[in-house]
Amino acid sequence: MENTTIDPKKLPGWGIDANPENDPTYPLRVPRMNVSQDPDHKHRPASSQPVDVEVLKSIERPNVSAVFGESAPPVGLSGALRRMAFKYSESHYGHWLPLLLADRVNVVEGIIEDFAHGKVPNIFAEKGYAVEWKHNRSAFVTKMATIALVTTGAILLLTRDKDKKRKKYRY
């Protein structure tokens, strides 16, 4: 098979949005990627949604997005991890790994908060185990057996008697 160069101008629909007067996203795109192409860029609001909580934004963007989904500001240890993550570019592991860790920490913080308010969380129902038991029993049993084996192995590994092992191999 041979690689051939294709002239993009011959492709159907190529450059369809080049004319700002014929841009289907024109009233929604704030600000446009290339401000010089926007015929009415001076009369557009800076943001469509008001910022009334702390919103973490990418370092690649000068402003927050026109629409964002922050219902609560980042708080606690998970919030600190999120703030740290947003100091890095989105193409960097230093951005995504702390965000993954922050999600796990946030779960633990939520459980602690539930206990602090006198509520015992129903983790079995919240994780959807009842539905999985009903509709996918074999996978559920396999998952629970794996969790039990890994937990038992970790407990045995962490609580083994190190003195017995040292005495056994003395010469």
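Among contacts in the chain (heavy atoms within 4.5 Å) between residues at least 6 apart in sequence, 24% join residues at least 24 apart. This is a predicted model, in which local features need pLDDT of at least 70 and side-chain atom pairs count only at pLDDT 80 or more, while totals for chains, interfaces and linings use all residues. Residues are numbered from 1 along each chain as its sequence is written, and side-chain values use heavy atoms, with hydrogens and water left out.

**Overall layout**

The chain has 6 helices and 0 strands, where helices (H or I, at least four residues) and strands (E, at least two) are DSSP runs numbered from the N terminus. Along the sequence, the pattern reads α-α-α-α-α-α. Of the 171 residues, 16% count as buried; buried means under 20% relative accessible area, exposed means over 50%, and partly exposed lies in between (1.4 Å probe, protein chains only). The chain exposes about 14300 Å², and carbon and sulfur atoms supply 61% of that area. Accessible areas come from the Shrake-Rupley method with a 1.4 Å probe, and for residues, only the protein chains shown count as cover.

**Salt bridges**

The structure holds 3 salt bridges, each a side-chain nitrogen of Lys or Arg within 4 Å of a carboxyl oxygen of Asp or Glu.

| Glu-54 | Arg-83 | 3.0 Å |

Glu-132 counts as buried at 17% relative accessibility, whereas Lys-143 is partly exposed at 34%.

Glu-54 forms a salt bridge with Arg-83. Glu-54 lies in the segment before α1 and Arg-83 in helix α1, so their bridge ties together parts 29 residues apart in sequence. Glu-54 is partly exposed, with a relative accessible area of 32%, and Arg-83 is partly exposed at 33%.

**Where α1 meets α2**

Asp-103 lies in helix α2 (residues 93-116) and Arg-82 in helix α1, so the pair ties together parts that are 21 residues apart in sequence. Is Arg-82 buried or exposed? Arg-82 is buried, with a relative accessible area of 18%, while Asp-103 is partly exposed at 35%. Not counting residues up to four places away in sequence, Arg-82 touches Leu-56, Pro-74, Leu-99, Ala-102, Asp-103 and Asn-106.

Ser-78 also lies in helix α1 and is buried, at 3% relative accessible area. With the residues up to four places away left out, Ser-78 touches Ala-102, Val-105, Asn-106 and Glu-109.

**Rings and a surface patch**

A search of the whole structure finds 4 aromatic pairs; rings of Phe, Tyr and Trp (its six-membered ring) pair if their centres lie within 6.5 Å, with planes under 30 degrees apart counted as stacked, over 60 as edge-to-face and the rest as tilted. Phe-124, Tyr-129, Trp-133 and Phe-140 form one aromatic cluster. The charged end of Arg-137 sits over the ring of Trp-133, 4.2 Å from its centre; this requires NZ of Lys or CZ of Arg within 6 Å of the ring centre and within 35 degrees of the ring normal.

Finally, Ile-6, Leu-11 and Trp-14 form a nonpolar patch on the surface, with about 350 Å² of accessible area together. Patches are made of residues with over 30% relative accessible area and no salt bridge: like charges are joined within 9 Å, nonpolar side chains (Val, Leu, Ile, Met, Phe, Trp, Tyr) within 5 Å. Leu-11 is found in the segment before α1 (76-85) and is partly exposed, at 42% relative accessible area.
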